[in-house]
Amino acid sequence: MSDVSTEAPAQSAKRTVFFDGVSSRRRQVMLRLGDALEIGEEGGTPVRWAYADIRRADSPAGILRLACMSAPPLARLEIREVALAAEVTAHCPGLDEHQTTRRGVAKIVGWSVAAAVSIVCVVLFGVPLAADRLAPLVPKPVERRIGDAAEVQVKTIFGRSVCEDPAGKAAFTKLVNRLRDAAGLDDDTMTAGVLPTSVPNAFALPGGKVFVMKGLLDKAESPDELAGIPAHELGHLKHHDNMRGLIYNGGTSFLIGLLFGDVTGSSAVIFASRSVVEASYSREAETGADTFAIEIMHALGRSPKPAAELMFRITGREGGSGFTILASHPLTEDRLARMTKEDRPASGPPLLTDAEWQALKGICGSGKI
Amino acid sequence: MNDLQWAPIGPPQPIPPPLPPARVDFSGDRSEFRKLVTEGAMLELVTFGFYRFWLVTDIRRHLWSNTAIDGDAVEYTGRAKELLIGFLFALAILVPIYLAYFLVGIEFERWQGFASTPLFISFYAFGQFAIFRARRYRLTRTVWRGVRCWMDGSGSAYSVRAMLWGLLVFLTLGLALPWREASLERYKMQHTHFGGLRGDFEADGWTFFKRGWWLWLLSPIALIIFPLAPFFYAQFKAREWRWWLDGIRIGGVSLSSNLPTNAFHGLYWKAIGWWLLLSVLFGLYVAGAAGLVAAAGVSIVGPDAIARSIPLLSMMVIGYFALALALNVVMRMYLQHDIWVTVLETLEVHNIAAAADVRGSGELASALGEGFADGLDVAGF
């Protein structure tokens, strides 16, 4: 009977469950709330947890689970009795010190907004600036390598190699050379060619490669109409627009793609806003190339207007269809208006003789594409 | 003292019947979880997604701590800051790799058009590595009865296996998938430990194949009659889950599940229903916004079209944010929380006594793997 009376003070000793963080054994222990929390297993020396070190661990509702910073990190005390839990809680001043508070959340929000603002600034101002500054500095051999890579790709897409009819090729070379001389491009490695595809388009690749597609050639009715298009592409080369675009696109998609990677949803918004930024950026480049084309045509004593008419014939009116804010090129009617303003009577010799023009039209052989 | 001697010394007691399997109970409150993910989704949008580390951690803490095996709840000890640091480290490693990828790609393209495509596969391999390491992170943060799970094994060895099996699955048009899953899971489970107990995976590819081959056979039909696809997918997932759970062993402890094959139909259809409803609402909103702008007499055509499109554009952005937020919540409710609960309800743990006194061991793994998985946009467990 005397044994029982020593365990009797039920106010200070309570049964509960303890995991010592060393083994997974479920230990039935007695709790004693003295100057520290005493956790005593039958027949063992009690473990003492200082109240200030006790922290709340995650648990289901209805169970108070405690950890202690000065005990093994995974040691856990589980209290299921509400009254005892309240009593222990009252003793532990730092119980919830480690939890994320509202202030903590506000801090996260603040830092994220700061990070986002800085990234947006880099995308809007930093990357374009870097692209403008870096593009002219890219060494010619590097530019040429990138151009080579792109050319291989282009030829893979359009299947065959450039059109080779000798007379047509001579005429095309003459045309491009006249434009090039007027442009003051001294790039001796510059190549140009006609690609046998029905798409009416033309493009310039880094390292001085200008391609005109057969579709455009077929739609052109005079050398002047055609000449404006390669002149425009030469403008891109002169302004290093390819390299600028490459650095710009690479930089922005890299920043946005990595940082906002899998952010469900918001990445699409960022993508949308990016394409707006990019479109205006490339619209600027296109307008610059147009200016350049106008200058070349004037230097050659020809009018830039026919080229704009050719473009208009191909695209038709563009305004009113969809979001003009997302268009990468200026609207064709705007370009036509601009080039019409720059229209001057021809003062120089024709760019190609009639015979040369006919030869150029037949550069890809008889009609088959 | 006399009391102890009353028991007669008779014939040996018959062996007690095996203990009934231990249950796994989920005690979480669904509305609490809804509140958690709703607030989390809003914070995620306000913080441009950076809150995802905290939200993912909170979701895991909720799911883990409300899951009780044999009466004792599991605990997730991972913290969001670890994920953030892991992500930043992963970025620091991925940035040079992306650049190198770009430069090598150019050289390949010079040699042959689109020759750089295979380089993309290297990112897939890296993704497999990330999946393995992410699982290791999650396991080392999983604690039950004061002992943590942990993993050894090598992420790169796993990645090589995953790639080779992936090639085989590709060559057999998906037929080898069950054996791929069995082999990869065996590798992962054999390197999984709970304290001193070593895991294993005893399910084989053949069993999985027998349970799901007809789904593989019928999958082309789902491509044509697409409303069938969710049924097929739900069936597949349910069979996969059950097969996976039945195969898991940790020391002498084994799992079994009687998950019915139609268990997920409702969940997937609810998610799709919400998705449709929200899409329709978004469509109406966009139409309404455009109508409003048109009614206000603002034309989006003309020389200063850019400035004039801004009100409509910003209204659409706001609407899109709301849509993304709502979809986020729907996905997490049905496809994370509800699947978790559905699966746990069917789970039984046999011979849990084998885990009654296990010594703790194993080191914590870093969250770098989760960072890679995040940066590369791969998911998997």
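Residues are numbered from 1 along each chain as its sequence is written, while chains are lettered from A and ligands numbered from 1 in the order in which they are written. Because the model is predicted, local features need pLDDT of at least 70 and side-chain atom pairs count only at pLDDT 80 or more, whereas totals for chains, interfaces and linings use all residues.

Chain A contains twelve helices and ten strands, and chain B contains eleven helices and eleven strands; here helices (H or I, at least four residues) and strands (E, at least two) are DSSP runs, numbered from the N terminus. Of the 369 residues in chain A, 35% are buried, and of the 381 residues of chain B, 35% count as buried, a residue being buried if 20 or more other C-beta atoms, placed from the backbone, lie within 10 Å of its own. Among contacts between residues at least 6 apart in sequence, 63% in chain A join residues at least 24 apart, and the corresponding value in chain B is 72%; two residues are in contact if their C-beta atoms, placed from the backbone, lie within 7 Å.

In chain A, strand S6 (residues 64-68) runs antiparallel to S7(A), to which three bridges join it, and two strands are taken to pair if DSSP finds at least two bridges between them. Within this pair, Arg65(A) stands opposite Glu78(A) of S7(A). Strand S7 (residues 76-79) of chain A is covered on both faces, with Arg76(A) and Glu78(A) buried on one side and Leu77(A) and Ile79(A) buried on the other.

A further group of strands in chain A forms an open sheet of three, in the order S8-S10-S9, with mixed pairing. Strand S8 (191-195) and strand S9 (202-205) of chain A each have a single partner strand and stand at the edges, so one side of each is left without a neighbour in the sheet. Neighbouring strands of this sheet are turned by 15° against each other on average, direction ignored. S8(A) pairs with strand S10 (residues 209-213) of chain A in the parallel sense over five bridges, and Leu195(A) has Met213(A) in S10(A) as its bridge partner.

Also in chain A, helix H5 (residues 166-183) and helix H7 (residues 223-238) pack at an angle of about 50°, with their axes 10 Å apart, where axes are lines fitted to C-alpha atoms, for helices over the stretch in contact, and angles run from 0 to 180 degrees between N-to-C directions. H5(A) is therefore oblique to H7(A), since angles under 35 degrees count as roughly parallel, over 145 as roughly antiparallel, 65 to 115 as roughly perpendicular and the rest as oblique. Residues of H5(A) that include Leu175(A), Val176(A) and Leu179(A) meet residues of H7(A), among them Ala227(A), Ala231(A) and Leu234(A).

In chain B, helix H7 (residues 205-224) and helix H8 (residues 229-247) pack at an angle of about 165°, their axes being 10 Å apart, which means that H7(B) is roughly antiparallel to H8(B). The contact involves, among others, Phe208(B) and Leu215(B) of H7(B) and Phe232(B) and Trp243(B) of H8(B).

Conventions. A residue is buried if 20 or more other C-beta atoms lie within 10 Å of its own, exposed if 12 or fewer, and partly exposed in between; C-beta atoms are placed from the backbone.
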